[in-house]
Number of protein chains: 2
Amino acid sequence: MLDASDPAGSPPLQPGQVLARGVARHLRDHDFACLEEFVPERGLRMDLLAVGPKGELWCIECKSCRADFTSDGKWEGYLPFADRFFFAVDCDFPTEILPDAAGLIIGDGFGAEVVRMPEAMPVATARRRKLTHRFARVAAQRLHRMRDPMGMLL
Amino acid sequence: MLDASDPAGSPPLQPGQVLARGVARHLRDHDFACLEEFVPERGLRMDLLAVGPKGELWCIECKSCRADFTSDGKWEGYLPFADRFFFAVDCDFPTEILPDAAGLIIGDGFGAEVVRMPEAMPVATARRRKLTHRFARVAAQRLHRMRDPMGMLL
């Protein structure tokens, strides 16, 4: 059980969100900028999309338990939207059930580590441009909402 | 004098920042995602850079008074980094001193309006890609810092 409450006093995070927080901290330390719950296109929602200093796009799906993985029929749909794809799990997760071709990150709410780097499968140029543009707008809009919440009441 | 305090209880905003808030609210209503104090490259700092739904890049410099404009020797340096360039001022500003070729936005801390749309001077493709990528990363990093402030103490 992860024990890492949200310092901002928001509702408690779900286990997958706690894990996403630790993963995002780790990736930030490696100069990747992360966005949670990013929708690359309608019907898909990535747990994390990270943009690297050279434009790299890494998708990370956070799995809190075996059932969370086995019930997920969508993850392969994310592959065309990232140069590298990772599963992130905690140290109790049965990692042998995860596909070898995917990257593997082990972590908790405080941090994480990349334990298997997947091969890069570069995103097509037009799609990369579109994804980066969407990422830029979503990140700025969320930031704006946090910085100027009163502006949203209008 | 503008009278629009920051609802989040942060330090009082400077007049230019108050204006930037109103401009950002207006642009958001037109589906532009705004980032304040964006550095397109070393030595330059835009008051606002806004990214539109089609990838448009609009730069807005907020001028709180005549001296704020006349003492600014940098604004022409921003032109190559945006498809359209605007000055934003409040309704007491002597707008006749502003260059006609620049766009003009009149506003206050609560909102704004585009009163002169400048001609578009499209940013070069490679630079657009680089700016959008930088915007994406800066926005996500600032959002991350607000959402997970404890993660920054490490």
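**View 1. The two copies meet through the same surface, since 100% of the interface residues of chain B are also interface residues in chain A.** The model is predicted, so local features need pLDDT of at least 70, side-chain atom pairs count only at pLDDT 80 or more, and totals for chains, interfaces and linings use all residues. Chain A puts 36 residues into the contact and chain B 36 residues (contact means heavy atoms within 4.5 Å).

**View 2. About 3000 Å² is buried between chain B and chain A.** That is accessible area (1.4 Å probe) lost on putting the two parts together, summed over both; 63% of it sits on carbon and sulfur atoms. On the chain B side, B:Arg28, B:Arg137 and B:Leu143 supply 19% of the area buried against chain A, more than any other three residues.

**View 3. Here is the salt bridge between B:Glu36 and A:Arg147.** Their closest N and O atoms are 3.0 Å apart. The count between the two chains is six salt bridges (a side-chain nitrogen of Lys or Arg within 4 Å of a carboxyl oxygen of Asp or Glu).

**View 4. Helix 3 (125–147) of chain B is one of the elements touching chain A.** It gives 13 residues, the largest share of that side of chain B. Helices are DSSP runs (H or I, at least four residues), numbered from the N terminus.

Residues are numbered from 1 along each chain as its sequence is written, chains are lettered from A in the order written, and side-chain values use heavy atoms, with hydrogens and water left out.

Conventions:
Helices (H or I, at least four residues) and strands (E, at least two) are DSSP runs, numbered from the N terminus.
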